[in-house]
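This report covers strand pairing, nonpolar cores, aromatic contacts and a few loop residues. The model comes first.

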Amino acid sequence: MKPDLAVGSIIVVSDKFFLYHIIAPGKAMRYGVAVGRSELQFRGQATVARKVEWPSWKPTPEMVKRSPSHYARYAETGMPGGPGNPLGARAMYLYQNGHDTGIRIHGTIEPSSIGHAVSNGCLRMVNDHVMALYKVVELGTPVTVY
């Protein structure tokens, strides 16, 4: 791990399916993630601006348009948080310049998706892992996704 990465920051290497939380100079916790399908992958820098336990979920209009049979029934009211929710146990919302990117670091009800490019752009983690990360990540944490 590079020693010059800021302690506390999050680095995601999408093509390797790993999220690194920098815990000390030159040291990081590494977690497996699922990332967005190739045409939907988020790249760039953002900040954790919101954190939610058992988040509710509502598909974006783009998701509904791409796959109405999957998402149309949730387009108006969404889905309340809980064990069956696709965002899993925790979500950290990524913002750029004060605006929600629509990208989340979140849990999943599909742990077999970890290590694959399958999402609509978000970064999925096993629920136990996202719960551990959620406890130590503060609002304002910088996130860089490669």
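Two strands pair if DSSP finds at least two bridges between them. Helices (H or I, at least four residues) and strands (E, at least two) are DSSP runs, numbered from the N terminus.

## Basis of the model

This is a predicted model: local features need pLDDT of at least 70, side-chain atom pairs count only at pLDDT 80 or more, and totals for chains, interfaces and linings use all residues. Residues are numbered from 1 along each chain as its sequence is written, and side-chain values use heavy atoms, with hydrogens and water left out.

## Strand E6 and its partners

E6 has antiparallel pairing with E5, through 6 bridges. Arg90 in E6 stands opposite Glu53. E6 also pairs with E7, again antiparallel, over 5 bridges. Here Tyr95 has Asp100 in E7 as its bridge partner.

E6 is mostly covered, with 6 of its 7 residues buried. Buried means under 20% relative accessible area, exposed over 50%, and partly exposed in between (1.4 Å probe, protein chains only).

The E6–E7 hairpin has 2 residues between the strands. Asn97 lies in that loop. Its phi is positive, about 50 degrees, although Asn97 is not a glycine. Asn97 is exposed, at 77% relative accessible area.

## Nonpolar cores

A nonpolar core is a set of buried Ala, Val, Leu, Ile, Met, Phe, Trp, Tyr and Cys residues joined through side-chain atoms within 4.5 Å. The largest one holds 21 residues. Ile10, Leu19, Met92, Ile105, Met125 and Leu133 touch the most other members. Two or more residues come from each of strands E1 (10–13), E5 (44–53), E6 (90–96), E7 (99–106) and E10 (142–145), and from helix H3 (127–136). H3 gives the largest share, 3 residues.

Which residues does Ile10 contact, leaving aside neighbours within four places in sequence? Contact means heavy atoms within 4.5 Å. The partners include Leu19, Tyr20, His21, Ile105 and Leu133. Val137, Thr141, Pro142, Val143 and Thr144 are also among them.

A second, separate core has 11 residues, including Met63, Tyr74, Met79 and Tyr93.

## Aromatic rings and charges

The whole structure has 3 aromatic pairs. Rings of Phe, Tyr and Trp (its six-membered ring) pair if their centres lie within 6.5 Å; planes under 30 degrees apart count as stacked, over 60 as edge-to-face and the rest as tilted. Phe18 and Tyr20 form a tilted pair, 6.2 Å centre to centre with 55 degrees between the planes. Phe18 is partly exposed, at 23% relative accessible area. Tyr20 counts as buried, at 16%. Trp57, Tyr71 and Tyr74 form one aromatic cluster.

A charge sits over a ring if NZ of Lys or CZ of Arg is within 6 Å of the ring centre and within 35 degrees of the ring normal. Arg30 lies over the face of Phe18, 3.9 Å from the ring centre. Arg90 has its charged end over the ring of Tyr134, 5.6 Å from the centre.

## Two loop residues

Phe17 is in the loop between E1 and strand E2 (18–24). Its phi is positive, near 65 degrees, in a residue other than glycine. Phe17 is partly exposed, with a relative accessible area of 21%.

Gly84 is found between helix H2 (68–71) and E6, in the loop. Gly84 counts as partly exposed, at 49% relative accessibility. Not counting residues up to four places away in sequence, Gly84 touches Met79 and Ile109. Trp54 is 30 residues from Gly84 along the chain, and their C-alpha atoms are separated by 10.0 Å.
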